[in-house]
Structure formats: C-alpha cells, structure tokens
Amino acid sequence: MPLRKMDVVVVGAGFSGLYLLHKLRSAGFSVTVFEKADQLGGTWHWNRYPGARCDIPSLQYSYQFDEDLQQDWNWTEKYSAQPEILEYLNHVADRFDLKKDIEFNTEVVAAKFNEEKSLWQIKTSKEELESKFCVMATGCLSAPNTPDFEGMKDYEGQLLHTGKWPQRPVDFTDETVAIIGTGSSSIQAIPVIAEQAKHLYVFQRTANYSIPSNNGPMNTQEEADVKSRYPEFRKENWDNGFGIAGLEIEALAVEAGEEERKEKFNVHWENEGLGFLGTYADLMLDKDANEMAAVFVREKIREKVKDPEIAELLRPEYTIGCKRLCVDSGYFEAFNRDNVTLIDLNTNPIARITPEGLVAGKEEYSLDSLILATGFDAMTGAVTRIDIRGRGGVSLKDQWKNGAKSYLGLGISNFPNLFTVTGPGSPSVLSNMVPSLELHVEWISNCIEWMRENKKSVIESTKTVEDEWMILVNEVADQTVYKSCKSWYNGSNIDEKAKEFLPFIGVPPYTEKITQVAEQNYQGFVFDKTN
Ligand code: N01
C-alpha cells in the first residue's frame, strides 16, 4: 500500500503545534499534527501538578495572532492556573477547527530524510508516512529528567513526576509525601500539597530564589486598558530584552542610592514576579548589581521563614537569575508549617529508594507518595529522544553530542526541511514563550510559502552559519551573569549532556536578525543543494 503523504508533519500539539497547524493549513498546505498524549496542550497537558500555573501574566502569556481571540477570551486570574490554560487551548482548537487534523495517541518515534526523494520518512507508533517538511513543536521543557536513584524500580508507593502528572485527581489527604527538587514546579506545588498532606518532606539540593506572584483575580480595569490597545501593549513588551512587560532598560542599580534601590526592589518584589529581575537594567549584566538584588531577596527569605536554621538552608548563595527565577504563592511560608520538613541533600544525600520510601543521610523515610520535581532535559531532550536522521543517515543525537548547534534556533545543518520551534540558539526560555513561538511559527510558515512561490524544494542550514551563530549566542551570554552557575540553561542538570549555554539573550536583536534573514531570501540557508 502506498504511504500516506503530506506537505508538513508537525510533532506536538501544544501552543506551537496548534498555531503551526492553523497557519500552515490557512496557507493551503496539507498538515498533520502528531501528539503522543490523548489530548492537546503539551506542557499544559502534562504539568497538572497541584499549583501549576503560568508565571508570566496571562494578558501576555497568550496568543496575539488573532485580534478577535485576544479580545474575546477573558482570563480569571493575573497568572492563570493549568486547567484554565488548557481550557484556553481547547477553545483555540475549537475556534479554528484544529482537532480534525491532530492525531492523538500517536508518537513520532523516528524521522529519516530520504535524500533521493527529498522527503522525510516519518515513523509513528502507528504507521509510516512521508512528508516534505517536518516541524518539531516539541517544547523546550517537555522531556522529563528522571534521576536513576538506586532502588527506584522497587518503590511500591505512588511515584509521580511533576512533568508527567496523571490526569486522574491525586489526593494526598492523610499521606506522608516526599518531593525531590526545589525548582519552579516544586515551588508551585509545595504550598498546595502541604495543605493536604499529613506530612511533606522536601528534599533540597540547591536553594532557590523565588519572588511572590501576588496572584489574584484579574483586575478588570487593567484588562480593559490592555484590550483597548492590545497590539501596542504587545509591541511595547516585545521591545524590551526579554519580551516581558515592565522591565527597566536604562536605570542602573550600581548608580542608585541605597534607599532608592531598596524602595524600587520592594515595588518590583510586590508587583512584578519574574519582572523583579528587570528592576534595574544591570542586574543580569553586572555581578555587583546582581548581588544587590540577591541580598534583597535573601533578606526577604529570612523575614518570611520563622526558624532561622531553616531560613539559612533556604537561602540561595549564587547569582540571582542564573538559574531560572521562580515565582510562588506562599512557598517560603510553607516551611513555617509543622507538617513540612526541609532536608538538605548536601548533608543528607539520598542513599537509595526502598520499597517503602527512601533513605537519606542516616534517616529512613516511610512514604505514601514520592514526587520527582527534578525537571527536564531542557531545550534539546524532546528532539534528541526521537531517532532523527538527516543526510548520510547522521543522527541528530550524535551531531549534538558535543553541543547543540542550530542556525537561529530554526534550522540544523544535515537536516534539510526540518525546523525547530524555539530551538537552541533562540531566546525561547529567556523570553515570554508564547510570542516567541508565534514569531517562529510565522517565520517557518512564511519560509515554506516563499519556497512554494519560488519553486524551491529543499532548505537547509550549513555548519558554517550555525557555528558562527552559536559563537555569537555564547559571546552575548559572556557579557552577562547567566553562565555563573549550574542550570538547565547550560545542560548542567543532565550528566551526559554537553555543558553549553543554549538560549540567545535579547529578544529585539534576535527578532531583527531573523526578520532580516527572511527579507534577504533566507540568507545563510542553502536551497536545493545537489546531493
Ligand atoms: O525543574 P528544575 P522544574 N537529586 O530543573 C533538583 C519551567 N516551569 O520542573 O538545582 C536531587 O528547575 C534540582 O536541583 P539542582 C521553568 O522554566 C515553569 O522545577 O540541580 N535533586 C532542582 O532543584 C522552570 O525553570 C513554570 O541542584 C535533583 C529540581 O530538581 C522549568 O520549567 C512552572 C536531582 C529541578 O528543578 C523547570 O522547572 C514550572 C537529583 N538527582 C516549571 N536532579 C511556570 O510557571 C534534579 N534535582 C510557567
């Protein structure tokens, strides 16, 4: 039987995949989205842990490609919770009739570029098919990192990962629960689980900085103001370094007086969440300025946590922001509860998981539920976990073994007609993800349309342009404090991964660059190279 053929295969039905489907289908291409889950949503489908919500205000963390959509949809909170974001994505899918072209429960397991036919041979969990283009809309934080603790497979209680949370309700009432990890997911989950569980043990390897979200019901006046000028509002946000509203682009902490600085930090602490890092323009550029912000937050932690020994353990020492900053609703306060215990893994390392619980230091913990909040193989994991083979049968996983290289986070040499949305080398995780992925979707869709109009069949990046681009990515990062600690931005959380800084810092210059590349007929890319 002949294989099914299509113009574009999209992998993943999250924010990116949905918009890709809408955009490419509207341009007249045949498109199928493959989604391994039984429903759409991507990140917002998998991350159903208690307390999961966005940490960029919903008026910004939402699509802007359709003015009627952004006018019609009403968010109920400043930072929406996971169920509401999932409802929004379902609304978008229904509104633009997307579900009919999404195949659920279908995992893309392999993709091989056939050089003779200039086609991608795609293997899913159900069939083989052919597609001219393949777009990886697989997300930056979607391949869970599951540490291989000794004895894990023998654990007999409930084992959960925040990034792969079950769809059924999980009730911790009367349970003894342990959570390993204190990143954003854990910081959101802990206050909620603490209210339910009989006892919660928090196993911390590295203390984290977190800013209060001061979340609450949507301020309808603010919403009306934004909606009255939505396009301008979006543009203003986009024009600053991280694509998020309210960031300072001029004033410097090192030039401000102590009182003035403290007051300004306080205003941002109380109102801006992640935007705390935008209190001054030099916080992520200058170590001294950064330390001023870090000292301010450490002092706040000390004020919030009643037990001075616990406060000390919760006090991060490294550069603020070089690990992804967290935003919380009552995280530090949760440690004032009698039913929450903090365990420092540096002095009490996990020796093994047992059938009943775990052993850390000299203590054995008997548990009903064990939660891994241990993060993701970020930015590359979702792509390299698929067996993708390009020219000459080269595997993407091998090509990226010593560091992921990509031209603009969009194209990879040896992998023709394959695009990544928010790939390594683009601002992605150091920007507001939704406008960033919209930018990429539009760029990719316009590129494929341009190829159709200009009778080009195959587009690919070259090693030279991607080497040059990744050098620039690192040179820009070298001018900041981002590389000064271990983080998933530089692969430090995954042992076997190259320790390379992957996001491009700076939304405006990046946007200008990719716009220019497109205007100059996709300068840097090669078309219809003879094999
Ligand atoms: O993962 P993380 P996350 N033994 O990697 C620890 C986004 N997000 O799921 O720091 C013991 O940040 C690890 O310790 P250390 C957001 O971008 C967004 O929380 O490596 N501990 C760390 O404490 C975020 O940054 C929202 O020493 C181990 C934790 O596990 C990203 O997703 C909400 C360990 C992992 O923290 C990832 O967040 C949630 C081990 N073997 C997440 N391995 C929004 O609000 C790891 N750890 C939109």
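Predicted model: local features only at pLDDT ≥ 70, side-chain atom pairs only at ≥ 80, totals over all residues.
**Aromatic pairs, cores and helix packing**

K397 has a relative accessibility of 55%, so this residue counts as exposed, the threshold being over 50%. K397 belongs to helix α13, which covers residues 396-399. Between the C-alpha atoms of K397 and L274 the distance is 33 Å, and in sequence these two residues are 123 apart.

S428 sits in the loop that runs between β19 (415-420) and α14. Is S428 buried or exposed? Its relative accessibility is 1%, so S428 counts as buried, the limit being under 20%. If we set aside the neighbours within four places in sequence, the contacts of S428 are C140, M379, T422, G423, M433, S436 and P503. S428 and R168 are 260 residues apart along the chain, and their C-alpha atoms are 31 Å apart.

I turn now to the aromatic residues. The count of aromatic pairs comes to 40. One of them joins Y331 and F332; the ring centres are 4.9 Å apart and the planes meet at 65°, so the pair is edge-to-face, a class that requires an angle over 60 degrees. Y331 counts as buried at 1% relative accessibility, and F332 is buried with a relative accessible area of 0%.

A further pair is formed by W443 and F525, with 5.6 Å from centre to centre and 45° between the planes, and this pair is tilted. Which parts of the chain does the pair link? W443 lies in helix α14 (residues 433-453), while F525 lies in the loop between α16 (507-519) and β21 (526-527); these distant parts are 82 residues apart. W443 and F525 are both buried.

Ring pairs also build a cluster, which links F15, Y19, W44, Y61, Y63, F65, W73, W75, Y88 and F96. Two lysines deserve mention here as well. K264 lies over the face of Y280, 4.5 Å from the ring centre, and K323 lies over the face of Y318, at 6.0 Å from the ring centre.

Next, the nonpolar cores. The largest core has 156 residues, and the members that touch the most others are F15, Y63 and W443. Which element supplies the largest share of this core? That element is α14, with ten residues. F15, apart from its neighbours within four places in sequence, is in contact with W44, Y61, Y63, I85, Y88, L89, V434 and L437. There is also a second, separate core of 17 residues, and among its members are M152, Y155, I180 and L367.

Finally, I come to the packing of α14 against α16. The axes of these two helices are 11 Å apart, and the packing angle is about 5°. Angles under 35 degrees count as roughly parallel, and therefore α14 is roughly parallel to α16. Which residues make the contact? From α14 they are L439, H440 and W443, and from α16 they are Y510, T511, I514, V517 and A518.

W443 pairs with F525, is among the residues that touch the most other members of the largest core, and takes part in the contact between α14 and α16.

Key:
Residues numbered from 1 in each chain as written. Heavy atoms only, no water. Phe/Tyr/Trp six-rings, centres within 6.5 Å; stacked < 30°, edge-to-face > 60°. Buried < 20%, exposed > 50% of the residue type's maximum accessible area, 1.4 Å probe, protein only. Helix = DSSP H or I, 4+ residues; strand = E, 2+ residues; numbered from the N terminus. Lys NZ or Arg CZ within 6 Å of the ring centre and 35° of its normal. Core = buried A, V, L, I, M, F, W, Y, C linked by side-chain atoms within 4.5 Å. Contact = heavy atoms within 4.5 Å. Axes fitted to C-alpha atoms, helices over the stretch in contact; angles between N-to-C directions. Parallel < 35°, antiparallel > 145°, perpendicular 65-115°, else oblique.
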